[in-house]
Amino acid sequence: AALPRFVVNAPDAVYIGTEVEAKRLIERARRWDMVGLDTETTGLDRMRDQVVFWSLANDRERYCLPRAALWWCQDFLEDDTNVWAVQNCNFDAAMLANAGIEHVNREGIPVGNRVDPMVLHHLYDDAALHHGLDHIGQTMLGVGKWSSYSELFGKEPITNIRPGHGKFDDMVEYASWDAWLHCLAAKRLKRELQGMESHFGSMWDYYLELESPLHDVLHGMERRGICVDPGMLIPFREQATASLDRIVTQLSRVAGRPLNPNSPKQMQKFFYEDLGMPIEEHTSGGASGNRQGSTSEAVLQSWVERDVIELTKGHGAKKVVVKRFEIPKLAKDCLGLIMEYRKHAKLRGTYMDGVLARMIPHTQRIHAEFTQSVAATGRLCVAGDTLLETTKGDFQIQNLDLSKNPKPGVLTHKGRLRPI
(Lines give C-alpha, C1' and ligand atoms only; values in the text may rest on other atoms or scores of the structure.)
Protein backbone atom coordinates (compact mmCIF):
# COMPACT_ATOMS: atom_id res chain seq x y z
CA ALA A 1 0.00 0.00 0.00
CA ALA A 2 1.21 3.46 -0.84
CA LEU A 3 2.26 5.66 2.06
CA PRO A 4 -0.58 8.07 2.95
CA ARG A 5 0.16 11.68 2.13
CA PHE A 6 0.99 13.45 5.36
CA VAL A 7 -0.03 16.97 4.37
CA VAL A 8 -1.32 18.30 1.06
CA ASN A 9 1.52 20.79 0.57
CA ALA A 10 4.40 18.39 1.18
CA PRO A 11 6.83 18.43 -1.78
CA ASP A 12 7.19 15.21 -3.75
CA ALA A 13 9.83 12.82 -2.48
CA VAL A 14 12.52 12.16 -5.10
CA TYR A 15 15.04 9.32 -5.14
CA ILE A 16 18.57 10.16 -6.29
CA GLY A 17 20.17 6.89 -7.35
CA THR A 18 23.12 7.84 -9.56
CA GLU A 19 26.29 9.84 -9.03
CA VAL A 20 25.38 12.24 -11.84
CA GLU A 21 22.03 13.01 -10.24
CA ALA A 22 23.67 13.42 -6.84
CA LYS A 23 26.22 15.91 -8.19
CA ARG A 24 23.44 17.96 -9.78
CA LEU A 25 21.51 17.98 -6.52
CA ILE A 26 24.56 19.13 -4.57
CA GLU A 27 25.12 22.05 -6.94
CA ARG A 28 21.60 23.26 -6.19
CA ALA A 29 21.83 22.47 -2.47
CA ARG A 30 24.92 24.67 -2.09
CA ARG A 31 22.62 27.66 -2.67
CA TRP A 32 20.09 26.66 0.00
CA ASP A 33 20.07 28.88 3.08
CA MET A 34 19.49 25.83 5.30
CA VAL A 35 19.82 22.12 4.54
CA GLY A 36 17.61 19.57 6.26
CA LEU A 37 19.47 16.29 6.82
CA ASP A 38 18.38 12.90 8.13
CA THR A 39 19.72 9.35 8.11
CA GLU A 40 17.98 5.96 8.11
CA THR A 41 20.24 3.45 9.83
CA THR A 42 20.61 -0.18 10.82
CA GLY A 43 20.03 0.73 14.48
CA LEU A 44 20.61 3.28 17.22
CA ASP A 45 24.14 2.38 18.35
CA ARG A 46 26.16 5.52 17.70
CA MET A 47 29.44 3.67 17.36
CA ARG A 48 28.42 0.53 15.47
CA ASP A 49 25.35 1.09 13.32
CA GLN A 50 25.50 2.29 9.73
CA VAL A 51 23.63 4.53 7.30
CA VAL A 52 21.40 2.74 4.77
CA PHE A 53 19.57 5.76 3.32
CA TRP A 54 19.98 9.47 3.92
CA SER A 55 18.04 12.53 2.86
CA LEU A 56 18.44 16.20 2.04
CA ALA A 57 15.68 18.80 1.97
CA ASN A 58 14.80 22.45 2.07
CA ASP A 59 11.32 23.84 2.64
CA ARG A 60 10.33 23.21 -1.01
CA GLU A 61 12.22 20.03 -2.00
CA ARG A 62 13.14 16.69 -0.47
CA TYR A 63 15.39 13.90 -1.69
CA CYS A 64 16.34 10.40 -0.57
CA LEU A 65 19.76 8.98 -1.43
CA PRO A 66 21.46 5.59 -0.98
CA ARG A 67 24.44 4.91 1.26
CA ALA A 68 26.83 5.01 -1.73
CA ALA A 69 25.90 8.66 -2.28
CA LEU A 70 27.62 9.59 0.99
CA TRP A 71 30.95 9.40 -0.81
CA TRP A 72 29.63 11.02 -3.98
CA CYS A 73 28.63 13.98 -1.79
CA GLN A 74 31.41 13.84 0.81
CA ASP A 75 32.79 17.32 0.09
CA PHE A 76 29.32 18.80 0.53
CA LEU A 77 28.63 16.91 3.76
CA GLU A 78 31.98 18.03 5.18
CA ASP A 79 31.60 21.67 4.09
CA ASP A 80 31.31 23.73 7.29
CA THR A 81 29.92 26.73 5.40
CA ASN A 82 26.59 24.89 5.05
CA VAL A 83 23.92 25.44 7.69
CA TRP A 84 22.38 22.10 8.64
CA ALA A 85 18.99 21.51 10.23
CA VAL A 86 19.06 18.15 12.00
CA GLN A 87 16.86 16.88 14.83
CA ASN A 88 19.02 15.18 17.49
CA CYS A 89 21.94 16.26 15.35
CA ASN A 90 24.73 14.34 17.06
CA PHE A 91 23.07 11.01 16.29
CA ASP A 92 23.22 11.69 12.55
CA ALA A 93 26.74 13.09 12.90
CA ALA A 94 27.77 9.82 14.56
CA MET A 95 26.20 7.76 11.77
CA LEU A 96 28.06 9.81 9.17
CA ALA A 97 31.28 9.44 11.16
CA ASN A 98 30.81 5.66 11.13
CA ALA A 99 30.87 5.90 7.34
CA GLY A 100 34.05 8.01 7.40
CA ILE A 101 32.28 11.33 6.74
CA GLU A 102 33.73 14.10 8.93
CA HIS A 103 30.52 16.07 9.17
CA VAL A 104 31.62 17.80 12.39
CA ASN A 105 34.88 19.29 13.68
CA ARG A 106 37.15 18.60 10.73
CA GLU A 107 39.75 20.85 12.32
CA GLY A 108 38.80 20.03 15.91
CA ILE A 109 37.31 23.50 16.43
CA PRO A 110 33.58 24.00 17.12
CA VAL A 111 31.97 25.59 14.08
CA GLY A 112 28.37 25.92 15.24
CA ASN A 113 26.81 25.43 11.80
CA ARG A 114 24.21 22.85 12.89
CA VAL A 115 20.70 23.80 13.99
CA ASP A 116 18.91 21.22 16.11
CA PRO A 117 15.12 21.75 16.36
CA MET A 118 15.02 19.60 19.49
CA VAL A 119 17.30 22.01 21.37
CA LEU A 120 15.59 25.03 19.80
CA HIS A 121 12.25 23.79 21.08
CA HIS A 122 13.74 23.25 24.54
CA LEU A 123 14.78 26.92 24.55
CA TYR A 124 11.40 27.96 23.17
CA ASP A 125 9.38 26.02 25.77
CA ASP A 126 11.49 24.43 28.50
CA ALA A 127 8.33 23.42 30.38
CA ALA A 128 7.19 21.15 27.53
CA LEU A 129 7.24 17.44 28.29
CA HIS A 130 8.32 16.56 24.76
CA HIS A 131 10.73 18.07 22.25
CA GLY A 132 10.53 15.33 19.62
CA LEU A 133 9.87 15.99 15.96
CA ASP A 134 6.36 14.56 16.12
CA HIS A 135 5.46 16.97 18.94
CA ILE A 136 6.99 19.95 17.12
CA GLY A 137 5.26 18.96 13.88
CA GLN A 138 1.85 18.61 15.48
CA THR A 139 1.98 21.69 17.73
CA MET A 140 3.90 24.19 15.59
CA LEU A 141 3.73 23.07 11.95
CA GLY A 142 0.15 21.82 11.73
CA VAL A 143 1.28 18.35 10.70
CA GLY A 144 -0.76 15.38 11.89
CA LYS A 145 0.74 12.22 13.33
CA TRP A 146 2.64 10.24 10.72
CA SER A 147 3.40 6.55 10.41
CA SER A 148 6.29 4.88 12.22
CA TYR A 149 8.76 2.50 10.60
CA SER A 150 7.06 -0.55 12.12
CA GLU A 151 3.64 0.61 10.92
CA LEU A 152 4.92 0.94 7.37
CA PHE A 153 7.41 -1.90 7.05
CA GLY A 154 6.67 -4.23 9.96
CA LYS A 155 9.73 -6.26 10.87
CA GLU A 156 11.34 -5.96 7.43
CA PRO A 157 15.05 -5.11 7.90
CA ILE A 158 15.86 -1.78 6.33
CA THR A 159 18.79 -3.38 4.50
CA ASN A 160 16.28 -5.48 2.50
CA ILE A 161 14.50 -2.44 1.10
CA ARG A 162 16.18 -1.55 -2.18
CA PRO A 163 15.09 -0.31 -5.61
CA GLY A 164 12.61 -2.89 -6.94
CA HIS A 165 11.34 -3.82 -3.47
CA GLY A 166 7.56 -3.60 -3.15
CA LYS A 167 7.82 -0.88 -0.51
CA PHE A 168 10.77 1.03 -1.89
CA ASP A 169 8.64 4.05 -2.86
CA ASP A 170 7.31 4.12 0.69
CA MET A 171 10.89 4.16 1.96
CA VAL A 172 11.76 7.14 -0.24
CA GLU A 173 8.72 8.97 1.12
CA TYR A 174 9.40 7.97 4.71
CA ALA A 175 13.16 8.69 4.66
CA SER A 176 12.90 12.17 3.14
CA TRP A 177 9.96 13.25 5.30
CA ASP A 178 12.01 13.93 8.44
CA ALA A 179 14.70 15.89 6.59
CA TRP A 180 12.00 18.18 5.22
CA LEU A 181 10.43 18.61 8.66
CA HIS A 182 13.85 19.31 10.18
CA CYS A 183 14.19 22.30 7.88
CA LEU A 184 10.63 23.57 8.47
CA ALA A 185 10.93 23.17 12.25
CA ALA A 186 14.33 24.87 12.42
CA LYS A 187 13.13 27.89 10.43
CA ARG A 188 9.91 28.24 12.44
CA LEU A 189 11.70 27.96 15.78
CA LYS A 190 14.40 30.38 14.61
CA ARG A 191 11.72 33.01 14.01
CA GLU A 192 10.18 32.35 17.42
CA LEU A 193 13.52 32.60 19.25
CA GLN A 194 14.46 35.79 17.41
CA GLY A 195 11.47 37.40 19.15
CA MET A 196 12.50 36.23 22.65
CA GLU A 197 14.96 38.29 24.68
CA SER A 198 18.11 36.94 26.32
CA HIS A 199 21.37 38.24 27.80
CA PHE A 200 22.91 37.79 24.32
CA GLY A 201 20.20 39.83 22.58
CA SER A 202 17.64 37.25 21.48
CA MET A 203 17.31 33.58 22.36
CA TRP A 204 18.40 32.83 18.79
CA ASP A 205 21.63 34.77 19.46
CA TYR A 206 22.08 32.74 22.64
CA TYR A 207 21.63 29.51 20.67
CA LEU A 208 24.21 30.52 18.06
CA GLU A 209 26.69 31.70 20.69
CA LEU A 210 26.52 28.73 23.10
CA GLU A 211 24.25 25.83 22.21
CA SER A 212 25.16 25.33 18.57
CA PRO A 213 28.94 25.18 19.14
CA LEU A 214 28.24 22.87 22.08
CA HIS A 215 26.75 20.35 19.63
CA ASP A 216 30.23 20.04 18.13
CA VAL A 217 31.97 19.78 21.49
CA LEU A 218 29.64 17.04 22.69
CA HIS A 219 30.01 15.14 19.43
CA GLY A 220 33.77 15.13 19.93
CA MET A 221 33.36 13.90 23.51
CA GLU A 222 31.05 11.10 22.40
CA ARG A 223 33.40 9.95 19.66
CA ARG A 224 36.49 10.05 21.85
CA GLY A 225 34.89 8.23 24.76
CA ILE A 226 36.73 6.92 27.81
CA CYS A 227 39.51 4.43 27.25
CA VAL A 228 39.27 1.12 29.14
CA ASP A 229 42.09 -1.35 29.80
CA PRO A 230 40.46 -4.82 29.93
CA GLY A 231 43.85 -6.35 30.72
CA MET A 232 43.76 -4.48 34.01
CA LEU A 233 40.07 -5.01 34.77
CA ILE A 234 39.83 -8.74 34.12
CA PRO A 235 42.34 -9.77 36.85
CA PHE A 236 40.55 -7.48 39.31
CA ARG A 237 37.27 -9.14 38.37
CA GLU A 238 38.72 -12.61 38.95
CA GLN A 239 39.91 -11.56 42.40
CA ALA A 240 36.53 -10.02 43.19
CA THR A 241 34.74 -13.20 42.10
CA ALA A 242 36.99 -15.29 44.33
CA SER A 243 36.21 -12.99 47.27
CA LEU A 244 32.48 -13.29 46.66
CA ASP A 245 32.77 -17.07 46.48
CA ARG A 246 34.48 -17.02 49.88
CA ILE A 247 31.61 -14.97 51.34
CA VAL A 248 29.07 -17.50 50.03
CA THR A 249 31.06 -20.38 51.53
CA GLN A 250 31.27 -18.60 54.89
CA LEU A 251 27.55 -17.75 54.78
CA SER A 252 26.57 -21.37 54.13
CA ARG A 253 28.80 -22.53 57.00
CA VAL A 254 27.28 -20.00 59.42
CA ALA A 255 23.72 -20.76 58.28
CA GLY A 256 24.30 -24.51 58.51
CA ARG A 257 22.93 -25.11 55.01
CA PRO A 258 23.65 -23.97 51.42
CA LEU A 259 22.40 -20.41 51.10
CA ASN A 260 22.61 -18.39 47.90
CA PRO A 261 22.32 -14.60 48.49
CA ASN A 262 21.11 -14.22 44.88
CA SER A 263 18.14 -16.56 45.38
CA PRO A 264 15.02 -14.79 46.73
CA LYS A 265 13.32 -18.15 47.36
CA GLN A 266 16.21 -19.47 49.47
CA MET A 267 16.39 -16.18 51.37
CA GLN A 268 12.65 -16.12 52.03
CA LYS A 269 12.63 -19.74 53.26
CA PHE A 270 15.63 -19.18 55.52
CA PHE A 271 14.43 -15.99 57.21
CA TYR A 272 10.65 -16.40 57.24
CA GLU A 273 10.15 -20.16 57.49
CA ASP A 274 13.27 -21.44 59.24
CA LEU A 275 13.98 -18.47 61.55
CA GLY A 276 10.37 -17.27 61.85
CA MET A 277 11.10 -13.61 61.07
CA PRO A 278 7.86 -11.57 61.00
CA ILE A 279 6.85 -10.21 57.60
CA GLU A 280 6.92 -6.40 57.60
CA GLU A 281 6.98 -5.88 53.85
CA HIS A 282 5.70 -8.00 50.95
CA THR A 283 6.90 -8.44 47.40
CA SER A 284 4.64 -7.17 44.60
CA GLY A 285 3.69 -10.73 43.68
CA GLY A 286 4.53 -10.33 39.99
CA ALA A 287 2.31 -11.84 37.32
CA SER A 288 1.08 -14.61 39.62
CA GLY A 289 0.01 -12.19 42.35
CA ASN A 290 1.57 -14.48 44.97
CA ARG A 291 3.00 -11.98 47.44
CA GLN A 292 5.86 -13.17 49.64
CA GLY A 293 7.89 -11.70 52.44
CA SER A 294 10.43 -9.29 51.00
CA THR A 295 14.18 -9.75 51.34
CA SER A 296 15.04 -6.46 49.65
CA GLU A 297 18.14 -4.55 50.67
CA ALA A 298 15.99 -2.05 52.60
CA VAL A 299 14.33 -4.82 54.62
CA LEU A 300 17.58 -6.58 55.40
CA GLN A 301 19.27 -3.30 56.35
CA SER A 302 16.44 -2.50 58.76
CA TRP A 303 17.03 -5.87 60.47
CA VAL A 304 20.76 -5.15 60.70
CA GLU A 305 20.03 -1.88 62.51
CA ARG A 306 17.61 -3.41 65.05
CA ASP A 307 17.75 -6.09 67.71
CA VAL A 308 13.99 -6.25 68.21
CA ILE A 309 11.13 -6.00 65.70
CA GLU A 310 8.02 -4.38 67.15
CA LEU A 311 4.75 -5.44 65.53
CA THR A 312 2.06 -2.81 65.86
CA LYS A 313 -1.56 -2.18 65.01
CA GLY A 314 -3.53 1.01 64.63
CA HIS A 315 -2.38 4.40 63.34
CA GLY A 316 -1.17 7.66 64.80
CA ALA A 317 -1.95 8.16 68.48
CA LYS A 318 -3.84 4.84 68.53
CA LYS A 319 -0.83 2.87 67.34
CA VAL A 320 0.15 0.21 69.91
CA VAL A 321 2.80 -2.51 70.04
CA VAL A 322 1.17 -5.95 70.08
CA LYS A 323 4.28 -8.12 69.88
CA ARG A 324 8.04 -7.88 70.16
CA PHE A 325 10.24 -10.25 68.19
CA GLU A 326 13.91 -10.54 69.11
CA ILE A 327 16.05 -11.07 66.02
CA PRO A 328 18.03 -14.31 66.46
CA LYS A 329 21.83 -14.18 66.63
CA LEU A 330 21.98 -16.56 63.64
CA ALA A 331 19.98 -14.07 61.58
CA LYS A 332 22.30 -11.25 62.65
CA ASP A 333 25.41 -13.23 61.71
CA CYS A 334 23.99 -14.13 58.30
CA LEU A 335 22.67 -10.64 57.61
CA GLY A 336 26.14 -9.13 57.92
CA LEU A 337 27.54 -11.56 55.34
CA ILE A 338 24.57 -11.14 52.99
CA MET A 339 24.81 -7.34 53.03
CA GLU A 340 28.55 -7.57 52.47
CA TYR A 341 27.98 -9.91 49.53
CA ARG A 342 25.39 -7.63 47.94
CA LYS A 343 27.56 -4.57 48.33
CA HIS A 344 30.54 -6.19 46.65
CA ALA A 345 28.45 -7.91 43.98
CA LYS A 346 27.03 -4.52 43.03
CA LEU A 347 30.52 -3.02 42.78
CA ARG A 348 31.68 -5.90 40.61
CA GLY A 349 28.60 -5.64 38.42
CA THR A 350 28.86 -1.88 38.00
CA TYR A 351 32.58 -1.16 37.88
CA MET A 352 33.96 -4.38 36.42
CA ASP A 353 31.31 -6.34 34.53
CA GLY A 354 29.45 -3.13 33.73
CA VAL A 355 32.50 -1.36 32.34
CA LEU A 356 33.57 -4.35 30.26
CA ALA A 357 30.04 -4.87 28.90
CA ARG A 358 29.76 -1.22 27.87
CA MET A 359 33.14 -1.10 26.18
CA ILE A 360 33.00 -1.06 22.38
CA PRO A 361 35.44 -3.84 21.38
CA HIS A 362 36.96 -2.17 18.32
CA THR A 363 37.67 1.10 20.18
CA GLN A 364 38.18 -0.33 23.70
CA ARG A 365 36.30 2.71 24.95
CA ILE A 366 33.00 3.57 26.59
CA HIS A 367 31.02 6.10 24.59
CA ALA A 368 28.34 8.08 26.43
CA GLU A 369 25.57 10.08 24.77
CA PHE A 370 25.17 13.69 25.86
CA THR A 371 21.97 15.66 25.46
CA GLN A 372 21.13 19.34 25.83
CA SER A 373 17.34 19.04 25.90
CA VAL A 374 16.29 16.68 28.69
CA ALA A 375 16.87 18.40 32.03
CA ALA A 376 14.27 21.09 32.70
CA THR A 377 16.99 23.23 34.28
CA GLY A 378 18.97 23.23 31.05
CA ARG A 379 21.81 21.24 32.56
CA LEU A 380 23.79 18.80 30.43
CA CYS A 381 22.52 15.22 30.70
CA VAL A 382 24.15 11.92 29.90
CA ALA A 383 22.15 9.09 28.36
CA GLY A 384 23.23 5.51 27.82
CA ASP A 385 26.59 4.33 29.12
CA THR A 386 28.26 6.35 31.85
CA LEU A 387 30.93 5.93 34.50
CA LEU A 388 29.76 6.79 38.01
CA GLU A 389 31.71 8.19 40.92
CA THR A 390 32.58 6.02 43.91
CA THR A 391 34.78 6.41 46.97
CA LYS A 392 38.06 4.60 47.41
CA GLY A 393 36.78 2.71 50.44
CA ASP A 394 33.99 1.16 48.39
CA PHE A 395 36.54 -0.78 46.40
CA GLN A 396 37.73 -2.85 49.36
CA ILE A 397 36.50 -6.39 48.76
CA GLN A 398 38.01 -8.56 51.50
CA ASN A 399 41.52 -9.41 50.25
CA LEU A 400 41.03 -7.26 47.13
CA ASP A 401 41.84 -3.65 47.95
CA LEU A 402 41.67 -1.49 44.85
CA SER A 403 42.07 1.68 46.92
CA LYS A 404 45.81 0.95 46.91
CA ASN A 405 45.81 0.90 43.11
CA PRO A 406 44.54 3.28 40.44
CA LYS A 407 40.80 2.84 40.06
CA PRO A 408 40.21 0.10 37.52
CA GLY A 409 40.92 0.37 33.87
CA VAL A 410 40.48 4.04 32.97
CA LEU A 411 43.06 5.68 30.77
CA THR A 412 43.43 9.23 29.56
CA HIS A 413 43.60 9.77 25.79
CA LYS A 414 47.38 9.84 26.23
CA GLY A 415 47.34 6.37 27.71
CA ARG A 416 47.97 7.38 31.33
CA LEU A 417 45.98 5.76 34.12
CA ARG A 418 43.72 7.99 36.14
CA PRO A 419 40.75 7.35 38.48
CA ILE A 420 37.19 7.06 37.21
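Leaving aside its neighbours within four places in sequence, L70 is in contact with V51, W54, L77, L96, A99 and I101, where contact means heavy atoms within 4.5 Å. The model is predicted, so local features need pLDDT of at least 70 and side-chain atom pairs count only at pLDDT 80 or more, whereas totals for chains, interfaces and linings use all residues. Residues are numbered from 1 along each chain as its sequence is written, and side-chain values use heavy atoms, with hydrogens and water left out.

L70 belongs to the largest nonpolar core, which has 26 residues; L37, W54, L56, L65, L70 and W84 touch the most other members. A nonpolar core is a set of buried Ala, Val, Leu, Ile, Met, Phe, Trp, Tyr and Cys residues joined through side-chain atoms within 4.5 Å. Buried means under 20% relative accessible area, exposed over 50%, and partly exposed in between, with a 1.4 Å probe and protein chains only. Two or more residues of this core come from each of α1 (19–29), β2 (35–41), β3 (51–57), β4 (62–66), α2 (69–72), α3 (74–77) and α4 (89–98). Another core, of 25 residues, lies apart from it and includes V119, W177, M203 and Y207.

The protein as a whole has 13 helices and 17 strands; helices (H or I, at least four residues) and strands (E, at least two) are DSSP runs, numbered from the N terminus. Of its 420 residues, 46% count as buried. Among contacts with a separation of 6 or more, 66% are between residues 24 or more positions apart.

Two helix pairs may now be followed. The axes of α5 (residues 117–124) and α6 (residues 133–140) come within 10 Å and cross at roughly 55°; axes are lines fitted to C-alpha atoms, for helices over the stretch in contact, and angles run from 0 to 180 degrees between N-to-C directions. The two helices α5 and α6 are therefore oblique to each other, since angles under 35 degrees count as roughly parallel, over 145 as roughly antiparallel, 65 to 115 as roughly perpendicular and the rest as oblique. P117, H121 and Y124 of α5 meet H135, I136 and M140 of α6 in this contact.

The axes of α12 (residues 297–304) and α13 (residues 329–358) also come within 10 Å, and cross at roughly 135°. Helices α12 and α13 are therefore oblique to each other. On α12 the contact is made by E297, L300, Q301, W303 and V304, and on α13 by K332, L335, I338, M339 and R342.
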